[in-house]
Amino acid sequence: MIINYSDQEVIKGEKSIFLAGPTPRGENIISWRTDACEILKQFDFDGVVYVPEYSTWKPKEDYVDQAMWERIALINATVILFWIPRKLPDMAAFTTNVEFGYWLHSGKVIYGRPNDASKIKYLDWLYRLDYDKNPYETLQSLLEASVELTNNLYNEQVSEILPLEERKIIKKLRK
C-alpha cells in the first residue's frame, strides 16, 4: 500500500481509494484517517490511498494548492470513500457535503458514518436513493467494502482497456 499525502505529487493510473471526509481543524484532534490507513494495511490493500492531509498531519497551508491536489486525486481515484464522523464544531465537514454531492453520481462513491454523527440525514437519504444501499456504520466495515469495490472497479477498468480479442483469450485461459 502506498499512502499519497496532499503535500506530495498525485500518483495517477493506479488502483486507489480516496479518503474523503472531515479534516480535523484543531492540532490536538487526531485524524480518523490514521486509523483508516492502519485498517487498510491489515486488509493488505495493495493500491494507493489518497490522504488529503499533509504527511506531517499538520493543517494545510495553501487552500488553492490543497483544493487542486484533492480535485486531481478525486478524478484519479478508483473509489471515493466518504467517512463522515461529523461532530460540531471540530469536525464540521461542510466542504465534505459539497464534495459528496459533486461526486455522488460518479458511480465510485461508498459512504459511511457512525450512528452518533450529527446532521447526516440528507446524505443518508441521497446515498440510499442513488446507490440503493444503507450507509456503513463502522469505519472497519466501510473500509472492507471499499477494498472489495476498488478491486472490482479497477479490474473492470483494466478489462475495458484490453481489445476484445484479448479479453476473450483471457476468459478462455481462466476456465
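**Close-up 1. R113 and D124 are a charged pair in which both partners are buried.** In this predicted model, the side chains of R113 and D124 meet in a salt bridge, at 2.8 Å from N to O. R113 belongs to the loop between β5 and α4, while D124 sits in helix α4, so the bridge ties together parts that are 11 residues apart in sequence. Why might two such side chains come together? Side chains of opposite charge can pair when their charged atoms come close.

**Close-up 2. K15 and D46 form a salt bridge, with 2.4 Å between N and O.** K15 lies in the loop between β1 (2–5) and β2, and D46 in the loop between α1 and β3 (48–51), so this pair ties together parts 31 residues apart in sequence. Are the two partners buried or exposed? K15 counts as buried because its relative accessibility is 13%, whereas D46 is exposed at 55%. How many salt bridges does a search of the whole structure find? The search finds five.

**Close-up 3. K87 and D116 meet in a salt bridge of 2.9 Å, N to O.** This pair links distant parts of the chain, 29 residues apart: K87 is in the loop between β4 and α3, and D116 is in the loop between β5 (109–112) and α4. With a relative accessibility of 36%, K87 counts as partly exposed. The loop between β4 (79–83) and α3 (94–103) also holds P89, which counts as exposed at 67% relative accessibility. Look for P24 here too: P89 and P24 are 65 residues apart in sequence, yet their C-alpha atoms are 10.0 Å apart in space.

**Close-up 4. F18 and W69 form a tilted aromatic pair, one of nine aromatic pairs counted.** A pair of aromatic rings is described by the distance of the centres and the angle of the planes. For F18 and W69, the centres are 6.3 Å apart and the planes make an angle of 40°. F18 lies in strand β2 (residues 16–20) and W69 in helix α2 (residues 63–76), so the pair ties together parts 51 residues apart in sequence. Both F18 and W69 are buried. Elsewhere, ring pairs link F82, F100, Y111, Y127 and Y131 into a cluster.

**Close-up 5. Helix α1 (residues 32–42) has buried residues W32, R33, A36, C37, I39 and L40.** Seen down the axis of α1, these residues fall within an arc of 165°, so they line one face of the helix. At the start of α1, a side-chain oxygen of S31 reaches to within 3.1 Å of the backbone nitrogen of R33. Just after α1, D44 takes a positive phi of about 55°.

**Close-up 6. Helix α3 has T96, E99, F100 and W103 as its buried residues.** Their arc around the axis is only 105°, which puts them on the same side of α3. On the other side of α3, look for F94 and V98, which are exposed.

**Close-up 7. Y122, W125 and L129 form a nonpolar patch on the surface.** Together, Y122, W125 and L129 have about 390 Å² of accessible area. L129 is part of helix α4 (residues 121–131), and its 53% relative accessibility is why L129 counts as exposed.

Methods. Residues numbered from 1 in each chain as written. Predicted model: local features only at pLDDT ≥ 70, side-chain atom pairs only at ≥ 80, totals over all residues. Heavy atoms only, no water. Patch = residues over 30% accessible without salt bridge, like charges linked within 9 Å, V, L, I, M, F, W, Y side chains within 5 Å. Areas by Shrake-Rupley, 256 points an atom, 1.4 Å probe, with all protein chains shown as cover. Salt bridge = Lys/Arg side-chain N within 4 Å of Asp/Glu carboxyl O. Helix = DSSP H or I, 4+ residues; strand = E, 2+ residues; numbered from the N terminus. Buried < 20%, exposed > 50% of the residue type's maximum accessible area, 1.4 Å probe, protein only. Phe/Tyr/Trp six-rings, centres within 6.5 Å; stacked < 30°, edge-to-face > 60°. Arc of directions from axis to C-beta. Polar contact = N/O pair within 3.5 Å; in protein donor to acceptor, adjacent residues only side chain to side chain.
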